[in-house]
Amino acid sequence: QVQLQESGPGLVKPSQTLSLTCTVSGGSITTNYYYWSWIRQPPGKGLEWIGYIAYSGITYYSPSLKSRTSISRDTSKNQFTLQLSSVTPEDTAVYYCARRDGSSGLRYDYWGQGTQVTVSS
């Protein structure tokens with residue numbers, strides 16, 4: 001059973017960098033053909049895809065967030081990390097990490113429970 005767990009600060013000040021880590025257990029983040037994604041849901045809005053780091057280490061970001069986003073990984077810890085720079089209150093959201101299965105129509109098959117991040121001074 002694969003499990004994902006988000007961790008990081010729940011409060012970030014405007015203009016700072018938001019940093020969240022997703023720790024994966026029950027499966028390796030380097031296994032073909034999985035894509036390890038970050039997704040968020042602002043209050044009262046729908047889900048917004050942020051980006052992913054693939055099993056190969058290749059990254060891809062949402063065009064609307066690309067200039068502020070970086071996703072990296074630590075394979076020794078089986079973790080991947082989101083960094084979102086220059087945050088504003090509009091970045092307040094519940095942030096999720098999730099696995100996307102590239103061999104099964106790119107469906108999301110495992111999700112973390114989500115972590116609330118509030119951007120406020």
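# Close-up views of a predicted all-strand chain

**View 1. The whole chain agrees with the rule for a compact globule.** With 121 residues, a compact globule would have a radius of gyration near 14 Å, and the protein chain has 14 Å, which agrees. The model shown here is predicted. Along the principal axes, the C-alpha atoms of the protein chain fill a box of roughly 40 × 25 × 25 Å. The protein chain contains 11 strands and zero helices, and 40% of its 121 residues count as buried. Its exposed surface comes to about 6200 Å², of which carbon and sulfur atoms supply 47%.

**View 2. The largest nonpolar core has 25 residues.** Within this core, Leu18, Trp38, Phe80 and Tyr95 are the residues that touch the most other members. At least two residues of the core come from each of the strands β3 (18-25), β4 (34-41), β5 (48-54), β8 (79-84), β9 (93-101) and β11 (115-119). The strand that gives the most to the core is β3, which contributes four residues.

**View 3. Trp36 and Phe80 form a tilted aromatic pair.** A search of the whole structure finds 11 aromatic pairs, and in the pair of Trp36 and Phe80 the ring centres are 5.9 Å apart, with 55° between the planes. This pair links distant parts of the chain, since Trp36 belongs to strand β4 and Phe80 to strand β8, 44 residues apart.

**View 4. Six aromatic residues form one cluster.** The members of this aromatic cluster are Tyr33, Tyr35, Trp49, Tyr52, Tyr55 and Tyr60. One of them, Tyr33, lies in the loop between β3 and β4, and the peptide bond that leads from Asn32 to Tyr33 is cis, with omega near -10°.

**View 5. Arg99 lies over the face of Tyr34.** The distance from Arg99 to the centre of the Tyr34 ring is 3.6 Å. Tyr34 lies in strand β4, and because its relative accessibility is 16%, below the limit of 20%, Tyr34 counts as buried. When residues up to four places away in sequence are left out, Tyr34 touches Ala54, Tyr55, Arg99, Arg100, Asp101 and Asp109. By contrast, Val87, 53 residues from Tyr34 in sequence, is 28 Å from Tyr34 in space, C-alpha to C-alpha.

**View 6. Ser15 and Leu106 each have a positive phi although neither is a glycine.** Ser15, found in the loop between β2 (11-12) and β3, has a phi of about 80°. Leu106, found in the loop between β9 and β10 (107-111), has a phi near 60°. How much of each residue is accessible? Ser15 has a relative accessible area of 60%, which is over 50%, and so Ser15 is exposed. Leu106, at 38% relative accessibility, falls between the limits of 20% and 50% and therefore counts as partly exposed.

Note on methods. Residues numbered from 1 in each chain as written. Predicted model: local features only at pLDDT ≥ 70, side-chain atom pairs only at ≥ 80, totals over all residues. Heavy atoms only, no water. Core = buried A, V, L, I, M, F, W, Y, C linked by side-chain atoms within 4.5 Å. Buried < 20%, exposed > 50% of the residue type's maximum accessible area, 1.4 Å probe, protein only. Phe/Tyr/Trp six-rings, centres within 6.5 Å; stacked < 30°, edge-to-face > 60°. Lys NZ or Arg CZ within 6 Å of the ring centre and 35° of its normal. Rg over C-alpha atoms; globule rule 2.2 N^0.38 Å. Areas by Shrake-Rupley, 256 points an atom, 1.4 Å probe, with all protein chains shown as cover. Contact = heavy atoms within 4.5 Å.
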